[in-house]
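The following exercises ask you to read a structure step by step, each with a task and a worked solution.

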Amino acid sequence: CRWQQPTMAAPSLAAPIAIVAVLLFTLWRRVCEREIALPRWMPVGVVLLVAAALGIITHDRNRDYQSALAIWQDTVRKRPDNFRGHLNLGVELLAVGQVQPALRSFEECLRIEPMCAEGYIGRGTAFTHMTRFESAIADFSLAVSLEPENAHAFNNRGLALQHLGRIEDAIDDHSRAIALDDSMAEAHFNRAMAWARLGRMDAAMSDYSRAIQLDSTVARYFN
(Lines give C-alpha, C1' and ligand atoms only; values in the text may rest on other atoms or scores of the structure.)
Protein backbone atom coordinates (compact mmCIF):
# COMPACT_ATOMS: atom_id res chain seq x y z
CA CYS A 1 0.00 0.00 0.00
CA ARG A 2 1.30 3.48 -0.84
CA TRP A 3 -0.12 6.37 1.14
CA GLN A 4 -0.28 10.00 0.12
CA GLN A 5 1.99 11.47 2.78
CA PRO A 6 0.67 14.45 4.73
CA THR A 7 2.94 17.43 4.49
CA MET A 8 3.60 19.98 7.19
CA ALA A 9 5.26 23.30 6.57
CA ALA A 10 7.25 25.03 9.26
CA PRO A 11 5.48 28.17 10.48
CA SER A 12 6.53 31.22 8.53
CA LEU A 13 8.90 33.73 10.11
CA ALA A 14 7.43 36.57 8.06
CA ALA A 15 5.11 37.65 10.86
CA PRO A 16 7.79 37.83 13.60
CA ILE A 17 10.15 39.68 11.27
CA ALA A 18 7.43 42.18 10.37
CA ILE A 19 6.61 42.76 14.03
CA VAL A 20 10.25 43.35 14.91
CA ALA A 21 10.62 45.75 11.97
CA VAL A 22 7.61 47.77 13.09
CA LEU A 23 8.88 47.92 16.68
CA LEU A 24 12.31 49.08 15.57
CA PHE A 25 10.83 51.72 13.28
CA THR A 26 8.56 53.00 16.07
CA LEU A 27 11.45 53.12 18.54
CA TRP A 28 13.69 54.94 16.05
CA ARG A 29 10.98 57.50 15.27
CA ARG A 30 10.43 58.27 18.96
CA VAL A 31 14.14 58.67 19.51
CA CYS A 32 14.36 61.09 16.59
CA GLU A 33 11.34 63.08 17.81
CA ARG A 34 12.92 63.54 21.24
CA GLU A 35 16.31 64.20 19.70
CA ILE A 36 17.97 61.68 21.95
CA ALA A 37 21.55 61.02 20.93
CA LEU A 38 22.40 57.36 20.38
CA PRO A 39 25.66 55.77 19.33
CA ARG A 40 25.78 55.32 15.55
CA TRP A 41 26.37 51.62 15.90
CA MET A 42 23.24 50.98 17.98
CA PRO A 43 20.59 50.73 15.19
CA VAL A 44 22.81 48.47 13.14
CA GLY A 45 23.70 46.44 16.21
CA VAL A 46 20.05 45.91 17.13
CA VAL A 47 19.17 44.84 13.60
CA LEU A 48 22.08 42.40 13.50
CA LEU A 49 21.12 41.00 16.90
CA VAL A 50 17.52 40.43 15.81
CA ALA A 51 18.65 38.90 12.52
CA ALA A 52 20.97 36.54 14.36
CA ALA A 53 18.21 35.48 16.75
CA LEU A 54 15.80 34.83 13.90
CA GLY A 55 18.51 32.95 12.05
CA ILE A 56 19.01 30.64 15.01
CA ILE A 57 15.27 30.02 15.22
CA THR A 58 15.11 29.26 11.48
CA HIS A 59 18.08 26.89 11.66
CA ASP A 60 16.60 24.94 14.57
CA ARG A 61 13.20 24.73 12.90
CA ASN A 62 14.65 23.54 9.60
CA ARG A 63 16.67 20.91 11.43
CA ASP A 64 13.58 19.61 13.25
CA TYR A 65 11.42 19.54 10.13
CA GLN A 66 13.93 18.55 7.47
CA SER A 67 12.02 15.36 6.70
CA ALA A 68 8.57 13.89 7.13
CA LEU A 69 10.09 11.26 9.42
CA ALA A 70 11.45 13.96 11.73
CA ILE A 71 8.08 15.71 11.72
CA TRP A 72 6.19 12.66 12.95
CA GLN A 73 8.90 11.66 15.41
CA ASP A 74 8.58 15.14 16.86
CA THR A 75 4.77 14.88 16.85
CA VAL A 76 4.62 11.65 18.85
CA ARG A 77 7.29 12.89 21.24
CA LYS A 78 5.20 15.96 22.03
CA ARG A 79 1.79 14.29 21.74
CA PRO A 80 2.25 10.60 22.64
CA ASP A 81 -1.51 9.97 22.61
CA ASN A 82 -1.96 11.22 19.05
CA PHE A 83 -2.90 8.02 17.19
CA ARG A 84 -2.58 9.64 13.76
CA GLY A 85 0.93 10.77 14.64
CA HIS A 86 1.91 7.14 15.35
CA LEU A 87 0.16 6.05 12.16
CA ASN A 88 2.06 8.50 9.98
CA LEU A 89 5.32 7.77 11.77
CA GLY A 90 4.79 4.10 10.92
CA VAL A 91 4.20 4.98 7.27
CA GLU A 92 7.42 6.99 7.13
CA LEU A 93 9.42 4.28 8.88
CA LEU A 94 8.16 1.72 6.37
CA ALA A 95 9.17 4.03 3.54
CA VAL A 96 12.80 3.95 4.73
CA GLY A 97 12.79 0.21 5.38
CA GLN A 98 12.55 0.28 9.19
CA VAL A 99 9.93 -2.44 9.44
CA GLN A 100 10.16 -3.37 13.13
CA PRO A 101 9.96 0.26 14.36
CA ALA A 102 7.10 0.80 11.91
CA LEU A 103 5.27 -2.20 13.35
CA ARG A 104 5.62 -0.76 16.85
CA SER A 105 4.25 2.59 15.66
CA PHE A 106 1.20 0.94 14.06
CA GLU A 107 0.60 -1.10 17.20
CA GLU A 108 0.73 2.05 19.33
CA CYS A 109 -1.71 3.71 16.93
CA LEU A 110 -4.11 0.79 17.35
CA ARG A 111 -3.66 0.71 21.11
CA ILE A 112 -4.84 4.32 21.24
CA GLU A 113 -7.53 3.99 18.56
CA PRO A 114 -8.59 0.34 17.97
CA MET A 115 -11.09 1.40 15.28
CA CYS A 116 -8.47 2.93 12.97
CA ALA A 117 -8.71 1.03 9.69
CA GLU A 118 -5.56 2.69 8.36
CA GLY A 119 -3.69 1.39 11.39
CA TYR A 120 -4.62 -2.20 10.47
CA ILE A 121 -3.59 -1.55 6.87
CA GLY A 122 -0.25 -0.22 8.08
CA ARG A 123 0.37 -3.11 10.45
CA GLY A 124 -0.73 -5.58 7.80
CA THR A 125 1.73 -4.02 5.36
CA ALA A 126 4.50 -4.39 7.95
CA PHE A 127 3.53 -8.03 8.45
CA THR A 128 3.69 -8.52 4.67
CA HIS A 129 7.25 -7.16 4.64
CA MET A 130 8.06 -9.63 7.41
CA THR A 131 6.50 -12.52 5.37
CA ARG A 132 3.89 -12.97 8.13
CA PHE A 133 1.17 -13.30 5.53
CA GLU A 134 -1.55 -14.87 7.68
CA SER A 135 -1.22 -12.04 10.19
CA ALA A 136 -1.28 -9.54 7.33
CA ILE A 137 -4.48 -11.01 5.92
CA ALA A 138 -6.12 -10.89 9.36
CA ASP A 139 -5.28 -7.19 9.70
CA PHE A 140 -6.42 -6.30 6.19
CA SER A 141 -9.67 -8.16 6.87
CA LEU A 142 -10.18 -6.08 10.02
CA ALA A 143 -9.63 -2.95 7.93
CA VAL A 144 -12.22 -4.17 5.41
CA SER A 145 -14.74 -4.78 8.20
CA LEU A 146 -14.18 -1.24 9.49
CA GLU A 147 -14.11 0.43 6.07
CA PRO A 148 -15.75 -1.76 3.41
CA GLU A 149 -14.99 0.84 0.74
CA ASN A 150 -11.27 1.09 1.45
CA ALA A 151 -9.65 -0.01 -1.81
CA HIS A 152 -6.18 -0.24 -0.24
CA ALA A 153 -7.37 -2.84 2.26
CA PHE A 154 -8.63 -5.12 -0.52
CA ASN A 155 -5.59 -4.58 -2.71
CA ASN A 156 -3.11 -5.28 0.08
CA ARG A 157 -5.02 -8.35 1.22
CA GLY A 158 -4.97 -9.59 -2.35
CA LEU A 159 -1.19 -9.24 -2.47
CA ALA A 160 -0.80 -11.20 0.77
CA LEU A 161 -3.11 -13.89 -0.64
CA GLN A 162 -0.87 -14.13 -3.69
CA HIS A 163 2.10 -14.84 -1.45
CA LEU A 164 0.16 -17.77 0.02
CA GLY A 165 -0.69 -19.10 -3.44
CA ARG A 166 -4.38 -18.25 -3.14
CA ILE A 167 -4.43 -16.67 -6.58
CA GLU A 168 -8.15 -16.74 -7.35
CA ASP A 169 -8.98 -15.22 -3.97
CA ALA A 170 -6.33 -12.60 -4.65
CA ILE A 171 -7.88 -11.74 -8.00
CA ASP A 172 -11.24 -11.28 -6.29
CA ASP A 173 -9.70 -8.80 -3.84
CA HIS A 174 -7.78 -6.88 -6.52
CA SER A 175 -10.97 -6.71 -8.59
CA ARG A 176 -12.89 -5.31 -5.62
CA ALA A 177 -10.17 -2.72 -5.11
CA ILE A 178 -10.39 -1.71 -8.77
CA ALA A 179 -14.19 -1.52 -8.58
CA LEU A 180 -13.80 0.90 -5.67
CA ASP A 181 -11.00 2.91 -7.29
CA ASP A 182 -10.25 2.27 -10.94
CA SER A 183 -7.40 4.79 -10.82
CA MET A 184 -5.35 2.65 -8.40
CA ALA A 185 -2.40 1.64 -10.56
CA GLU A 186 -1.01 -0.84 -8.04
CA ALA A 187 -4.26 -2.80 -7.95
CA HIS A 188 -4.17 -3.24 -11.74
CA PHE A 189 -0.50 -4.22 -11.53
CA ASN A 190 -1.12 -6.75 -8.73
CA ARG A 191 -4.02 -8.30 -10.62
CA ALA A 192 -1.83 -8.50 -13.72
CA MET A 193 0.69 -10.55 -11.73
CA ALA A 194 -2.09 -12.81 -10.47
CA TRP A 195 -3.47 -13.34 -13.98
CA ALA A 196 0.03 -14.22 -15.20
CA ARG A 197 0.42 -16.83 -12.47
CA LEU A 198 -2.75 -18.46 -13.78
CA GLY A 199 -1.45 -18.34 -17.36
CA ARG A 200 -4.06 -15.74 -18.36
CA MET A 201 -1.57 -13.64 -20.31
CA ASP A 202 -4.14 -11.60 -22.29
CA ALA A 203 -5.82 -10.49 -19.06
CA ALA A 204 -2.41 -9.88 -17.48
CA MET A 205 -1.27 -7.64 -20.36
CA SER A 206 -4.53 -5.71 -20.26
CA ASP A 207 -4.15 -4.95 -16.54
CA TYR A 208 -0.44 -4.23 -16.89
CA SER A 209 -1.12 -1.74 -19.71
CA ARG A 210 -3.74 -0.02 -17.58
CA ALA A 211 -1.37 0.17 -14.63
CA ILE A 212 1.37 1.77 -16.72
CA GLN A 213 -1.15 4.16 -18.23
CA LEU A 214 -2.13 5.30 -14.74
CA ASP A 215 1.41 5.42 -13.35
CA SER A 216 4.44 4.74 -15.52
CA THR A 217 6.58 4.15 -12.41
CA VAL A 218 4.29 1.59 -10.78
CA ALA A 219 6.47 -1.43 -11.60
CA ARG A 220 9.33 -0.23 -9.43
CA TYR A 221 7.21 -0.57 -6.28
CA PHE A 222 6.88 -4.30 -6.68
CA ASN A 223 9.11 -7.33 -7.06
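In the protein chain, buried residues (under 20% relative accessible area, with exposed over 50% and partly exposed in between, 1.4 Å probe, protein chains only) make up 37% of the 223 residues. The model is a predicted one, in which local features need pLDDT of at least 70 and side-chain atom pairs count only at pLDDT 80 or more, while totals for chains, interfaces and linings use all residues. Residues are numbered from 1 along each chain as its sequence is written, and side-chain values use heavy atoms, with hydrogens and water left out.

**Exercise 1. State how many helices and strands the protein chain has.**

Solution. Helices (H or I, at least four residues) and strands (E, at least two) are taken as DSSP runs, numbered from the N terminus. On that basis the protein chain has 11 helices and 0 strands, and its elements run α-α-α-α-α-α-α-α-α-α-α from the N terminus on. Among contacts (heavy atoms within 4.5 Å) between residues at least 6 apart in sequence, 50% join residues at least 24 apart.

**Exercise 2. Describe how H3 and H4 pack.**

Solution. Begin with the geometry: helix H3 (residues 68-78) and helix H4 (residues 83-95) have axes 9 Å apart and pack at an angle of about 150°, where axes are lines fitted to C-alpha atoms, for helices over the stretch in contact, and angles run from 0 to 180 degrees between N-to-C directions. H3 is therefore roughly antiparallel to H4, the class for angles over 145 degrees, whereas those under 35 count as roughly parallel, 65 to 115 as roughly perpendicular and the rest as oblique. Next comes the hand, which is left-handed for the crossing of H3 and H4, as applies when the near helix is turned anticlockwise from the far one by less than a right angle (right-handed if clockwise). Residues that make the contact include Trp-72 and Thr-75 of H3 and Gly-85 and Leu-89 of H4. Finally, look at Thr-75, which is placed in helix H3 and is buried, with a relative accessible area of 13%. Apart from residues up to four places away in sequence, Thr-75 touches Asn-82 and Gly-85.

**Exercise 3. Find which residues touch the most other members of the largest nonpolar core.**

Solution. A nonpolar core is a set of buried Ala, Val, Leu, Ile, Met, Phe, Trp, Tyr and Cys residues joined through side-chain atoms within 4.5 Å. Of the 36 residues in the largest such core, Leu-89, Leu-94, Phe-106, Ala-126 and Ala-143 touch the most other members. The largest share of this core, 6 residues, comes from H5. Phe-106 is in contact with residues including Leu-87, Val-91, Leu-94, Arg-123 and Ala-126, once its neighbours within four places in sequence are left aside. A second, separate core has 5 residues, among them Ile-167 and Trp-195.

**Exercise 4. Determine how H7 and H8 are oriented and where Thr-131 lies.**

Solution. The axes of H7 and H8 cross at roughly 160° and come within 9 Å, so H7 is roughly antiparallel to H8. Their crossing is left-handed, and the residues that meet include Phe-140 and Val-144 in H7 and Phe-154 and Leu-161 in H8. Thr-131, for its part, lies in the loop between H6 and H7 and counts as exposed at 56% relative accessibility. The phi of Thr-131 is near 60°, a positive value in a residue other than glycine. Most residues other than glycine have a negative phi.
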